[in-house]
Amino acid sequence: MTCQVIPLRPRRAKRRTFTVPGKSLMVAVPVALSIGWLLALPGMPHAQAGPNASAEHRQDFAISRGDLRPALEKYARQAGIRLSFDPALVAGLTTPGLTGRHTIQDGLDTLLRGTGYTTAQEGGRYVLVPEPPASAGKRPPSGPRLAGALTPV
């Protein structure tokens, strides 16, 4: 029996890594800036109006008179709102148009004047609904009343 000696390969020394102070700054600065922007965003004003937008916020509008459907679509784009309506209901209706600075609700009321429709807010969007009849809030008289009626003697 013979014994054979197998030479072992020498182990390579592990590379030592040295941290460079500038390298950690290259990571820390962008992270710190990102966190700062995320913390600042909730307090910044946003341009898009939504259901929680201030009622006093006014915007400039330029919508010409004409068919109601394209006017409502253009208004929704300019105001940055979601407006739901059935195109078949507004077919053939016209609008007097809208120009100048208006709140969202005032602008919608002006566009819909004389059409028999108004809007209601539902779940963050505006929905076109029929106007209630003018006599809905008034109570009819209980009986006939004649002014200056004569009573038989």
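1. Strand S6 (residues 117–122) pairs with S7 through six bridges in the antiparallel sense. Strands pair here if DSSP finds at least two bridges between them; helices (H or I, at least four residues) and strands (E, at least two) are DSSP runs, numbered from the N terminus. Within this pairing, Thr 118 has Val 129 of S7 as its bridge partner. The two strands form a hairpin with two residues between them, and Gly 123 in the turn shows a positive phi of about 55°.

2. The model is predicted: local features require pLDDT of at least 70 and side-chain atom pairs count only at pLDDT 80 or more, whereas totals for chains, interfaces and linings use all residues. Residues are numbered from 1 along each chain as its sequence is written, and side-chain values use heavy atoms, with hydrogens and water left out.

3. Strand S3 (residues 83–84) runs parallel to S7 (residues 125–130), and two bridges join them. Leu 83 stands opposite Tyr 126, and Ser 84 stands opposite Val 127.

4. Together the three strands make an open sheet of mixed pairing, in the order S3-S7-S6. S3 and S6 are the edge strands, each pairing on one side only. Helix H4 (residues 104–112) packs on this sheet and touches S3, S6 and S7; the direction of H4 makes about 150° with that of S6. Contact means heavy atoms within 4.5 Å; axes are lines fitted to C-alpha atoms, for helices over the stretch in contact, with angles from 0 to 180 degrees between N-to-C directions.

5. A polar atom of the His 102 side chain lies 3.0 Å from the backbone oxygen of Thr 99. Beyond its neighbours within four places in sequence, His 102 contacts His 57, Arg 58, Gln 59, Phe 61 and Gly 107.

6. Two salt bridges are found in the whole structure, each being a side-chain nitrogen of Lys or Arg within 4 Å of a carboxyl oxygen of Asp or Glu. Asp 60 and Arg 101 meet at 3.4 Å, N to O. Asp 60 is exposed, at 54%.

7. Arg 69 bridges to Glu 73, with the closest N and O atoms 3.1 Å apart. Both lie in helix H2 (residues 68–79), four residues apart, about one turn of the helix. Arg 69 is partly exposed at 40% relative accessibility, as is Glu 73 at 33%.

Methods
A polar contact is a pair of N or O atoms within 3.5 Å; within protein, one must be able to donate a hydrogen and the other to accept it, and residues adjacent in sequence count only if both atoms are side-chain atoms. Buried means under 20% relative accessible area, exposed over 50%, partly exposed in between (1.4 Å probe, protein chains only).
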